[in-house]
Amino acid sequence: MNFERRHAVLSREIAEHRRRYYQLDAPTITDGEFDALMRELIALEEAHPELVTLDSPSQQVGGWADGRFAKVTHLEPMYSLDNVFSREEFMAWAKRATADIGERELAESGFLCEVKIDGLALDLVYRAGVLVSAATRGDGKVGENITANVETIESIPGQLAGGEVPSVVEVRGEVFMKGSDFEALNQEMARELERDAAEAKAKGVPPPKKRYFFANPRNAAAGSLRQKDVEVTRARKLSFYCHGLGLVTGGVGFARQSDAYNVLKGYGLPTSPHTRLLHSLDEVWEFVEGHAADRHALEHDIDGVVVKINSLALQRRLGATVRAPRWAIAYKYPPEEATTKLLDIQVGVGRTGRVTPFAVMEPVRVAGSTVDRATLHNESEVRRKGVLIGDVVVVRKAGDVIPEVLGPVVEDRDGGERAFAMPEVCPSCGARLRPENDSDADLRCPNQRSCPAQLRERLVHVGSRQALDVETLGEKTVDLLLEAGLVSDEGDLFSLTAEALAANPRLLELCDGDDGTRNVFHRWEDAKHGRRVLSKTAEKLLRNLEEAKTRPFARFLVALSIRHVGPGAAPDIARAFPSVDALMAAGFDDLSAVDGVGPTMAAAIQDWFAADWHRQIVAKWRAAGCAMADEPTAAEPGDRPLEGLTVVVTGSLPGYTRDSANQAIASRGGKPAGSVSSKTDFVVVGENAGSKYDKAVALQRPILDADGFETLLADGPEAARAVAKIG
């Protein structure tokens with residue numbers, strides 16, 4: 001594989017892993033593996049600088065806003081941090097900083113050292129001392145508006161204390177869950193499971209099979225903070241510490257970051273008690289090693305230490321790359337390890353047919369929690385690690401989050417171990433496994449329609465947050481529906497009725513008296529079993545499915561499980577083809593021309609709709625009343641000043657995301673386009689514009705800056721042409 005192709009593969013993999021970590025809170029590789037991918041990509045770019053483009057993962061902040069919440073543009077960019085993993089790498093960072101600013105100035109500034117909290121980054125905006133916005137980091141420029149949820153966190157003040165506060169202050173920090181609160185949450189969930197089991201026994205129905213428990217405090221904090229029901233967030237004890245500032249206008253000024261922390265404390269904002277101002281690199285390294293030894297003694301999880309140059313003037317002089325400041329570095333601790341017995345290697349089948357091996361181990365305590373499962377990715381990874389079933393293996397939780405098997409303890413082998421071989425047939429349906437193509441490292445089950453494992457995973461996916469967000473359509477409910485034979489594929493979901501659910505005893509509750517339930521739940525009566533009502537879960541499932549019928553078309557696109565079509569590309573596809581009919585009729589070239597699609601995804605879309613049973617799913621959903629289309633908003637005469645105009649937006653515009661800018665164009669009758677051609681009427685150019693600007697110049701198309709875009713929206717095309725730059 002040549003270096004260009006390898007760079008492209010790495011870029012796609014890193015983007016997907018970032019999506020799983022930041023958007024889904026469900027990473028599939030360890031921190032160490034992700035770091036290795038990033039290092040390989042950066043090494044390629046250092047050897048071949050022509051590979052460095054604005055859309056390279058090395059030039060982007062990890063994460064993005066996923067569409068479940070309204071979007072917020074940060075007043076100033078919210079950067080990630082570069083990582084180092086050894087003393088040598090840390091000293092190399094310090095040497096670069098010293099070369100730029102000098103030893104004396106660096107010593108006078110000092111180093112502000114903080115523990116690196118393993119939580120969720122948060123951006124707070126106060127205007128005239130009042131909290132007006134709280135957002136996740138997102139992609140560093142645009143995050144999710146979670147203000148209502150953040151207002152439930154006791155340590156975050158709704159109004160700053162003190163008489164003199166800036167007119168605008170943007171505060172950065174980390175939301176986390178203390179270890180004691182995390183343990184209490186999981187204990188409460190365990191008690192709920194016991195109560196449910198006792199109730200099930202009393203009613204003579206099978207107990208619940210499983211209940212979701214949070215794996216670690218970071219996932220608990222992220223999942224709690226991004227709830228749509230603020231009362232769920234309120235019930236979970238979240239904490240917050242400040243670790244920086246964005247935009248500050250008016251009011252007090254400061255020369256050092258440590259001064260800023262003191263000012264923030266005066267405003268009533270919490271800062272970490274584990275922060276130290278040190279003046280030599282030896283002291284800094286003692287701080288790093290000291291917290292490595294007592295990392296589990298703190299009130300919250302940490303995965304390293306952050307070192308910042310304290311002087312704000314020096315920070316400004318050093319500046320930042322497109323994704324990280326040069327004046328700060330994160331030293332990440334090596335993950336903790338343990339040894340345990342590898343009892344078996346089994347395989348799971350995903351919704352697209354991918355067959356993935358995973359380790360089944362004797363339970364072992366690693367990094368503060370007990371693990372008994374670990375992913376092994378694919379057969380070649382098992383061979384590379386050299387593990388045998390029956391081995392004593394080294395297990396670690398990279399970043400204290402995801403378990404992985406590092407390899408065998410060969411010295412402990414007794415001869416009873418055996419090699420793992422991938423099955424030749426699907427463990428769920430018996431179909432013969434095969435790779436999708438010659439370059440595919442994964443085996444897949446080709447029986448997409450009838451494989452029970454794939455069907456189960458697709459049904460769960462329909463209910464997931466990134467798809468149709470059907471709250472009650474989780475694993476437990478899907479298992480009940482399948483066991484009862486109520487669905488044969490995902491097309492049947494929206495045709496479920498109360499009568500059908502009532503035929504399954506596990507979806508019913510007994511009701512002996514008139515205790516008010518008759519006014520809440522549909523009542524069923526049976527001569528043998530007496531009065532019955534649908535369970536709360538069953539009733540809520542019907543309500544949730546009815547609500548999901550009106551989801552935007554992009555959500556339905558994700559729910560269909562079309563290969564390669566995820567939450568990132570679906571909105572662009574839905575804008576270009578706003579209904580399922582338009583998408584089915586689209587040609588390959590039309591699909592490929594959509595931003596972010598390309599030939600591979602275009603072929604996958606056409607292949608999906610070419611299958612009769614896939615089109616039957618669409619037909620079932622439509623027959624059940626699912627919208628499957630984004631209807632244009634009705635407009636009064638004169639409300640569509642951009643009718644018939646094609647407008648391309650490139651780069652970042654203040655106050656807009658790409659979606660909101662395109663929506664502003666479409667709502668006025670214009671056509672937002674993803675590429676510049678001789679037929680383009682206007683090209684709107686923001687910060688960090690790319691090749692589209694160059695093409696607009698070459699084709700002599702009218703170019704508008706941010707102010708010109710506002711003129712176009714407010715005053716129409718004639719006024720915009722008067723301020724446009726041609727070419």
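Which residues form one aromatic cluster? F90, W93, W285, Y331 and Y333 do. The notes below start with the basis of the model and then return to the rings.

1. **Basis.** This is a predicted model: local features need pLDDT of at least 70, side-chain atom pairs count only at pLDDT 80 or more, and totals for chains, interfaces and linings use all residues. Residues are numbered from 1 along each chain as its sequence is written, and side-chain values use heavy atoms, with hydrogens and water left out.

2. **Overall make-up.** The protein chain has 26 helices and 26 strands. These are DSSP runs numbered from the N terminus (helices H or I, at least four residues; strands E, at least two). Of the 727 residues in the protein chain, 50% are buried. Buried means under 20% relative accessible area, exposed over 50%, and partly exposed in between (1.4 Å probe, protein chains only). Take the contacts between residues at least 6 apart in sequence: 67% of them join residues at least 24 apart. Contact here means heavy atoms within 4.5 Å.

3. **Aromatic pairs.** Rings of Phe, Tyr and Trp (its six-membered ring) pair if their centres lie within 6.5 Å; planes under 30 degrees apart count as stacked, over 60 as edge-to-face and the rest as tilted. The count by this rule comes to eight aromatic pairs. In one of them, F90 and W285, the ring centres are 6.1 Å apart and the planes stand at 35°, so the pair is tilted.

4. **F494 and W621.** Here the ring centres lie 5.5 Å apart with planes at 85°, so the pair is edge-to-face. F494 belongs to the loop between α14 (475–483) and α15 (498–502), while W621 is in helix α22 (residues 612–623), so the pair ties together parts that are 127 residues apart in sequence. F494 is buried at a relative accessible area of 6%. W621 counts as buried too, at 0%.

5. **The sheet.** Five strands make an open sheet with mixed pairing, in the order β23-β22-β24-β25-β26. Two strands pair if DSSP finds at least two bridges between them. The edge strands, β23 (671–673) and β26 (725–726), each pair on one side only. Strands β22 (residues 646–650) and β24 (residues 682–685) run parallel and are joined by four bridges. V648 has V683 in β24 as its bridge partner.

6. **Helices on the sheet.** Helix α24 (residues 691–698) packs on the sheet and touches β22, β24, β25 (702–704) and β26; its direction makes about 135° with that of β22. Helix α25 (residues 706–715) also packs on the sheet, touching β22, β24 and β25, and its direction makes about 105° with that of β25. Axes are lines fitted to C-alpha atoms, for helices over the stretch in contact, and angles run from 0 to 180 degrees between N-to-C directions.

7. **Helix α16.** This helix (residues 536–548) has 13 residues. From first C-alpha to last it reaches 18 Å, close to the 18 Å expected at 1.5 Å a residue. The expected span is 1.5 Å times one less than the number of residues. Its buried residues are A538, E539, L541, L542, N544, L545 and A548.

8. **H7.** This residue is found in helix α1 (residues 3–23). H7 is buried, with a relative accessible area of 8%. Its side chain makes a polar contact with the side chain of E45 (2.8 Å). A polar contact is a pair of N or O atoms within 3.5 Å; within protein, one must be able to donate a hydrogen and the other to accept it, and residues adjacent in sequence count only if both atoms are side-chain atoms. Neighbours within four places in sequence aside, H7 is in contact with L41, L44, E45, L51 and S56.
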